[in-house]
Amino acid sequence: MDIVLQFLFLVIGFVMLMKGADWFVDGASKIADKFGIPHLVIGLTIVAFGTSAPEAAVSISAALKGSVDLAISNVLGSNIMNVLLILGLASIIYPLAVKPSSIKIDIPFVFGISLLMLILGAMDGNIGRVDGIIFWILLLIYIVYMIKMAMKGQGEVEEVEEAGENDTVLKLLALIIIGGVLIVWGSNVTVDAATAIAQKFGMSERLIGLTIVAFGTSLPELVTSCVAASKKETDIAVGNIVGSNLFNILFVLGTTAVITPVAYVDAFLFDNIVAVLVMAVLWLFVFKNKKLNRTGGILMVVMYAAYFVKLIL
């Protein structure tokens with residue numbers, strides 16, 4: 001009965017994370033709109049943070065509680081799942097067009113930072129504060145690049161819904177506060193439940209972080225990308241995943257490492273290598289035809305199934 005309760009807590013934690021992030025972004029973006037802050041700035045800051053909030057909350061909470069395996073496995077698991085499973089499924093629904101700027105800059109950049117994470121972690125078995133600062137510097141450089149691209153009309157950032165007449169400042173502030181509380185509270189519930197389940201079944205924190213927790217924190221990306229693909233808004237589907245993977249490493253892991261250094265155990269070498277390879281696979285699949293077709297999507301889902309089997313055996 002106790003294990004059923006822990007699974008129930010895990011689901012509750014995921015719901016709190018998703019609703020909290022949704023309300024936080026909604027409130028913050030609309031209040032920024034009320035004060036005339038450009039949508040470009042909102043998209044690159046508030047919305048970007050909101051989409052990575054579940055991963056960030058879980059990783060930071062896990063690191064502070066000493067569950068170091070969950071902190072890194074959540075990031076790696078989400079990034080692998082985002083590309084192989086979520087983009088794979090989305091491209092099966094409808095072939096995904098990829099912008100030239102994503103092929104030339106964004107995908108290679110995520111490949112590079114995934115490789116950098118592997119190198120920094122393998123060097124001393126630790127993702128420390130200096131590494132976190134490096135990730136943050138790279139994040140700021142990328143944000144500056146995106147701003148320049150947007151100003152030239154060569155890139156786009158996620159649009160946000162404008163504030164309506166009924167959206168008072170008090171109401172929007174309440175959304176921000178409630179959303180923030182749900183994110184923090186939900187992350188604690190998720191980490192505690194995931195750790196309890198891992199211990200009950202004799203599973204490692206690494207395994208449960210790479211599978212169950214990664215899936216839970218990737219649910220927003222899964223829903224967004226599949227819905228975008230079904231509506232043939234393919235730029236959104238690809239952009240969401242590539243951007244999410246970038247923020248997971250630079251923002252989520254970078255922030256976690258700055259707050260508290262995270263141990264990088266030997267078991268993560270395999271997962272990190274997979275995370276690097278999946279970006280190379282994505283780049284190879286889209287390089288020639290500028291799209292991820294159904295055949296590529298099926299192959300990617302099969303690759304994820306093989307990776308999942310390798311994890312549990």
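**Helix α9 and its neighbours**

Helices α4 and α9 are roughly antiparallel to each other, since their axes cross at roughly 165° and angles over 145 degrees count as roughly antiparallel, those under 35 as roughly parallel, 65 to 115 as roughly perpendicular and the rest as oblique. The model here is a predicted one, in which local features need pLDDT of at least 70 and side-chain atom pairs pLDDT 80 or more, while totals for chains, interfaces and linings use all residues. Numbering runs from 1 along each chain as its sequence is written, and side-chain values use heavy atoms, with hydrogens and water left out.

Let's stay with that pair. α4 covers residues 100–124, and its axis comes within 9 Å of that of α9. The crossing of the two is left-handed, meaning that the near helix is turned anticlockwise from the far one by less than a right angle. On the α4 side, the contact (heavy atoms within 4.5 Å) includes Ile103, Ile107, Phe111 and Leu118, and on the α9 side Leu269, Met279, Leu282 and Trp283 are among the residues involved. By class, this contact has 19 nonpolar, two polar and no charged residues.

Now for the other partner of α9. Helix α3 (residues 68–93) and α9 (residues 267–287) have axes that come within 10 Å and cross at roughly 30°, which makes α3 roughly parallel to α9. Here too, α3 passes α9 in a left-handed crossing. Among the residues making this contact are Ile72, Val83 and Leu87 of α3, along with Phe268, Val278 and Leu282 of α9. The class count is 12 nonpolar, two polar and two charged.

Leu282 is in contact with Val83, Leu87, Ile107, Val242, Leu292 and Met300, leaving aside neighbours within four places in sequence.

Two more residues are worth a look. Thr190 lies in helix α6 (residues 169–201) and counts as buried because its relative accessibility is 0%; buried means under 20%, exposed over 50% and partly exposed in between, with a 1.4 Å probe and protein chains only. Not counting residues up to four places away in sequence, Thr190 touches Leu10, Gly13, Phe14, Leu17 and Val58. Tyr145, in helix α5 (residues 129–151), has 22% relative accessibility and so counts as partly exposed.

Definitions and conventions: Axes fitted to C-alpha atoms, helices over the stretch in contact; angles between N-to-C directions. Helix = DSSP H or I, 4+ residues; strand = E, 2+ residues; numbered from the N terminus. Nonpolar A, V, L, I, M, F, W, Y, C, P; charged D, E, K, R; others polar.
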